[in-house]
Amino acid sequence: MPHFRSAFLAALSLTFGQGAAAETPAAAAATAAPSLKIELNAADTTEANCKLTFLITNDLSAPLDKAVYETVLFDREGTVNRLTLFDFGQLPIGRPRVRQFVVPQTTCENLGRILFNGAQSCEGAGIAAGTCENALAPATRTEIEVLG
């Protein structure tokens, strides 16, 4: 019986030791690289226009006073539809923001891909050059692919 108890206690300590060493989701998020998450949340055709809705979360170390991206829209066949600027405006730290853009004379069903080609403007106290491009984390909840 004493041998069984020793083996049980050893197994129990290994189990708890492994659990303590595992990183919790909150700890993983705290150690993740700063990012600027831009998610295409919805794409709705209204009349002959496409309304794109983005959810943006600034997980950088400073708020952004201005974030403007040069954006390329591709059709379903992969041909460039247009090159445009999306102005996401002011983005506080850690507070999600929703921005909508209406793309005239095209339906959302015609769009196949959105490429954030680069930051045309990225301004904020303590924001280093290239931050808005390097920290960009694009995602989509639609059938339109989003790249950065």
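# Notebook: rings, core and disulfides

Phe88 and Phe116 are both buried. I started with these two, and I keep in mind that the model I am reading is predicted.

**Entry 1: the Phe88–Phe116 pair**

I looked at how the two rings face each other. Phe88 and Phe116 form a tilted aromatic pair, with 6.2 Å from centre to centre and 50° between the planes. Phe88 lies in the loop between β4 and β5 while Phe116 is in strand β6, so the pair ties together parts that are 28 residues apart in sequence.

Next I listed what surrounds Phe88. Setting aside residues up to four places away in sequence, Phe88 touches Ile38, Phe54, Ile56, Ala67, Tyr69, Arg99, Phe101 and Phe116.

**Entry 2: the other rings**

I then asked how many aromatic pairs there are by this rule. The count comes to 9. In one of them, Phe86 and Phe101 have ring centres 4.3 Å apart and planes at 10°, so I note this pair as stacked. Phe86 and Phe101 are both buried.

Which residues do the ring pairs link into a cluster? My list reads Phe54, Tyr69, Phe86, Phe88, Phe101 and Phe116.

I also checked for a charge over a ring. The charged end of Arg113 sits over the ring of Phe74, at 5.6 Å from the ring centre.

**Entry 3: the nonpolar core**

The largest nonpolar core holds 28 residues, and Leu52, Phe54, Phe88 and Phe116 have the most contacts inside it. The most comes from β2, which gives 4 residues.

**Entry 4: the disulfides**

How many disulfides does the structure hold? I found 2.

Cys50 and Cys108 form one of them, with sulfur atoms 2.0 Å apart. The angle about the S-S bond is 105°, and the link of Cys50 and Cys108 is right-handed. Cys50 is in strand β2 and Cys108 in the loop between β5 and β6, so to speak a bridge between distant parts of the chain, 58 residues apart. Both cysteines, Cys50 and Cys108, are buried.

Cys122 and Cys132 form a disulfide too, with sulfur atoms 1.9 Å apart. For Cys122 and Cys132 I read 65° about the S-S bond, and this link is right-handed. Cys122 belongs to strand β6 and Cys132 to helix α3 (residues 131-134); they are 10 residues apart, and the pair links distant parts of the chain.

Cys132 has a relative accessible area of 1%, so Cys132 goes down as buried.

Counting bonded cysteines along the chain, the disulfides follow the pattern 1-2, 3-4.

**Entry 5: a look at Thr57**

I picked Thr57, which lies in strand β2. Its relative accessibility is 14%, and the cut-off for buried is under 20%, so Thr57 counts as buried. Which residues is Thr57 in contact with, leaving aside neighbours within four places in sequence? I noted Ser35, Leu36, Lys37, Gly94 and Pro96. For Thr57 and Ser35 I also took the spacing: they are 22 residues apart in sequence and 8.2 Å apart in space, C-alpha to C-alpha.

**Entry 6: the whole chain**

Last, I stepped back to the overall numbers. The protein chain has 3 helices and 8 strands. Read from the N terminus, its elements run α-α-β-β-β-β-β-β-α-β-β. The chain has 148 residues, and buried ones make up 30% of them.

I also looked up how far apart in sequence the contacts reach. Among contacts with a separation of 6 or more, 70% are between residues 24 or more positions apart. The accessible surface of the chain comes to about 8900 Å², and 55% of this belongs to carbon and sulfur atoms.

Conventions
Residues numbered from 1 in each chain as written. Predicted model: local features only at pLDDT ≥ 70, side-chain atom pairs only at ≥ 80, totals over all residues. Heavy atoms only, no water. Core = buried A, V, L, I, M, F, W, Y, C linked by side-chain atoms within 4.5 Å. Buried < 20%, exposed > 50% of the residue type's maximum accessible area, 1.4 Å probe, protein only. Helix = DSSP H or I, 4+ residues; strand = E, 2+ residues; numbered from the N terminus. Contact = heavy atoms within 4.5 Å. Phe/Tyr/Trp six-rings, centres within 6.5 Å; stacked < 30°, edge-to-face > 60°. Lys NZ or Arg CZ within 6 Å of the ring centre and 35° of its normal. Disulfide = S-S within 2.5 Å. Areas by Shrake-Rupley, 256 points an atom, 1.4 Å probe, with all protein chains shown as cover.
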